[in-house]
Amino acid sequence: MNKKKRIAILFAVIIVAVGIIIAVTSHQKKEMDFDEFADRFDKSAEEVLGEDVRKVSKTELAATLTYGDQNDKDNNIYYRILKTTFYEGGPEEITGLHTEALGVLFPVDSMDSCEEMMIQDWPGALYKKDDTAFLCWTYSPEVTYVLEYTPSKIDDSEIIKMAESAEPVK
């Protein structure tokens, strides 16, 4: 009887293992789009933190314009526009460069260097990490601009001139 129990248990384990393998291999992984992810995250945050928690702001990459040579990607300049929507709390809390918005593109705290400056009348900074640079400036709390480039291929002064020539979109 002891031998029969062992065989029955082993058989049951094999059936369960085969069932799990079939279920895992037959289940196709569906990629979640960003909006679905954001909705799920909002619901999860509310469940965990309670109903009193509200979305304060949301920053999105609104546009990327690419200037350069398709054959030499290191010579490209990426002109990115970040737009921030404020839900709770207001844009008046943002003074100077909107570094939280920059987090959409790169981790500000992990940059090798940061040189603060003004781009026209707007607060800005030149961040560098390895051989990538980001010249950033905040036009308004809702709009931040970033020029990404390779400093070993394009001189910083040329990028600063490009930024200085920028005019706000009406």
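Modeller: Lys-128 has a relative accessible area of 23%, and because that value falls between the limits of 20% and 50%, this residue counts as partly exposed. Please keep in mind throughout that the model is a predicted one. The side chain of Lys-128 forms a salt bridge with Asp-156, and the closest N and O atoms of the two are 2.6 Å apart. Since Lys-128 belongs to strand β4 while Asp-156 belongs to helix α4, which covers residues 156–164, this pair ties together parts of the chain that lie 28 residues apart in sequence. As a general point, side chains of opposite charge can pair when their charged atoms come close.

Lys-129 brings us to another such pair, for its side chain meets that of Asp-112 in a salt bridge, with 3.6 Å from N to O. Here too distant parts of the chain are linked, because Asp-112 sits in the loop between α3 (99–102) and β3 (113–119), whereas Lys-129 is in strand β4 (residues 122–129), and the two are 17 residues apart. Lys-129 is partly exposed, at a relative accessible area of 30%.

The count of salt bridges comes to 5, and one of them joins Glu-60 and Lys-58, whose closest N and O atoms are 3.8 Å apart. How exposed are the residues of this pair? Both are partly exposed, Glu-60 with a relative accessible area of 38% and Lys-58 with 27%.

Thr-84 is part of strand β2, which runs over residues 72–86. Is Thr-84 buried or exposed? Its relative accessibility is 6%, and because this is under the limit of 20%, Thr-84 counts as buried. With Thr-59 there is also a polar contact, in which the side chains of Thr-84 and Thr-59 are joined at 2.8 Å.

Notes: Residues are numbered from 1 along each chain as its sequence is written. This is a predicted model: local features need pLDDT of at least 70, side-chain atom pairs count only at pLDDT 80 or more; totals for chains, interfaces and linings use all residues. Side-chain values use heavy atoms; hydrogens and water are left out. Helices (H or I, at least four residues) and strands (E, at least two) are DSSP runs, numbered from the N terminus. Buried means under 20% relative accessible area, exposed over 50%, partly exposed in between (1.4 Å probe, protein chains only). A polar contact is a pair of N or O atoms within 3.5 Å; within protein, one must be able to donate a hydrogen and the other to accept it, and residues adjacent in sequence count only if both atoms are side-chain atoms. A salt bridge is a side-chain nitrogen of Lys or Arg within 4 Å of a carboxyl oxygen of Asp or Glu.
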